[in-house]
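Reader: I've got a model open on my screen and I'd like to learn how to read it. Could you walk me through it feature by feature?

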Amino acid sequence: MWIVKNRKIWYGISILMTVASLVLLFTWGLKFGIDFTGGSLLEVNYTTSAPSAEQVTDALVNAGIEGSSVRPTGESGFIIRTPFLSADSYALAKTALAINGAQYEEKEFTSIGPTIGSELQTRAIYAILLVILAIALFIAFAFRKVSKPVSSWKYGVVALIALAHDVIVPIGAFVILGHFFGAEVDTLFVTAILVVLGFSVHDSIVVFDRVRENLHLLDEKGMREPFEETVGKSVSQTMARSINTSLTTVLALLALYFFGATATHYFSLTLLIGIVAGTYSSVFIGS
């Protein structure tokens, strides 16, 4: 009951996070990966004495490849992101990476043209918006028989607000990570956001469904109580379930983040932020 009674506090926290995320988004913007901007990604692992990241960058510049990003991975490897490389530029890059005769193995090479990158970006936005809309419509339909004291379509609208919150907060976090640590948004980020939406709406439906059940029980018994009290009771009944479900998922994601491959770090981090935000929005905002 204390959650519903103190709802203005939870509204304030969410509004603060949402507004801050939007301000940062429009001020700094997201750092898009080559999936969306087009470009090339080359991962190499040196089998002999590995050069420094600065030496790799300088070697690429000397080969005429400007604007590259070099990030160490593992003990002697690098993930190199560059503008789109033609076949000739790719050959030059491979030659340049043999710094002072150092030997290396190429583990991955991916190249995406600017047109395809732009198309992927548009489709990613459409995918997120369509999922949010479909979820809101489904909830409105599922609760169509609950019309008192709140109309069924309002459940869908509330879910929509909570889902928007669950998208905006991770985006705001990645604006900060991109600005200070060079974290890039790619198709894995979009995948993580879609997973978060599914997880969040599951939590919301658990709370909403318990509200519906308690309203039906009151009707069957011919009893009446303030709607605020019904919602507060429903949240209390589902709180332990929501927290336990999220906690087990968070523990698994923490293990993936700290012990998983470098390529999945930002994916697991997005899920961590989104699931925590989603659990908060379902319990503290949706209710």
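Reader: Let's start with one residue. In which helix is serine 200 found?

Author: Serine 200 is found in helix H8, residues 187-221. Before we go on, some ground rules: residues are numbered from 1 along each chain as its sequence is written, and side-chain values use heavy atoms, with hydrogens and water left out. This is a predicted model, where local features need pLDDT of at least 70, side-chain atom pairs count only at pLDDT 80 or more, and totals for chains, interfaces and linings use all residues. As for the labels, helices (H or I, at least four residues) and strands (E, at least two) are DSSP runs, numbered from the N terminus.

Reader: Is serine 200 buried or exposed?

Author: Start with the cut-offs: buried means under 20% relative accessible area, exposed over 50%, and partly exposed in between (1.4 Å probe, protein chains only). Serine 200 has a relative accessible area of 1%, so it is buried.

Reader: And which residues does serine 200 touch?

Author: Contact means heavy atoms within 4.5 Å. Leaving out residues up to four places away in sequence, serine 200 touches Leu163, Asp166, Gly278, Ser281 and Ser282.

Reader: Now the strands. In what order do the four strands form the sheet?

Author: Two strands pair if DSSP finds at least two bridges between them. Here you get an open sheet in the order E2-E3-E1-E4, with antiparallel pairing. Strand E2 (69-73) and strand E4 (104-112) are at the edges with a single partner strand each, so one side of each has no neighbour in the sheet. From one strand to the next, the twist averages 15 degrees.

Reader: How many bridges join E1 to E3?

Author: Six, between strand E1 (residues 39-46) and strand E3 (residues 77-82), running antiparallel. If you want to trace the pairing on screen, asparagine 45 has glycine 77 in E3 as its bridge partner, while leucine 41 stands opposite arginine 81 in E3.

Reader: What about E2 and E3: how many bridges join them?

Author: Five, again antiparallel. Valine 70, for one, stands opposite isoleucine 80 in E3. E2 and E3 form a hairpin with three residues between them, and glycine 74 in the turn has a positive phi of about 70 degrees.

Reader: Which residues of E3 are on each side?

Author: The general idea is that in a regular strand the side chains alternate between the two faces of the sheet. In E3, Gly77, Ile79 and Arg81 are on one side, with Phe78, Ile80 and Thr82 on the other, and both faces are covered. Six of the six residues of E3 are buried, so the strand is largely enclosed by the rest of the structure.

Reader: Which helix packs on the sheet?

Author: Helix H4 (residues 53-62) does, touching E1, E2 and E3. For angles, axes are lines fitted to C-alpha atoms, for helices over the stretch in contact, and the values run from 0 to 180 degrees between N-to-C directions. The direction of H4 makes about 145 degrees with that of E2.

Reader: On to charges. How many salt bridges does a search of the whole structure find?

Author: The test is a side-chain nitrogen of Lys or Arg within 4 Å of a carboxyl oxygen of Asp or Glu. By that test, the search finds eight. Among them, arginine 7 pairs with glutamate 228, with the closest N and O atoms 3.6 Å apart. That pair links distant parts of the chain, 221 residues apart: arginine 7 is in helix H2 (residues 7-27) and glutamate 228 in helix H9 (residues 227-259). Arginine 7 is partly exposed at 33% relative accessibility, and glutamate 228 is partly exposed at 32%.

Reader: And how far apart are arginine 123 and glutamate 119 in helix H6?

Author: Four residues, about one turn of the helix. Their side chains meet in a salt bridge at 2.8 Å, N to O. Arginine 123 is exposed at 54% relative accessible area, whereas glutamate 119 is partly exposed at 38%.
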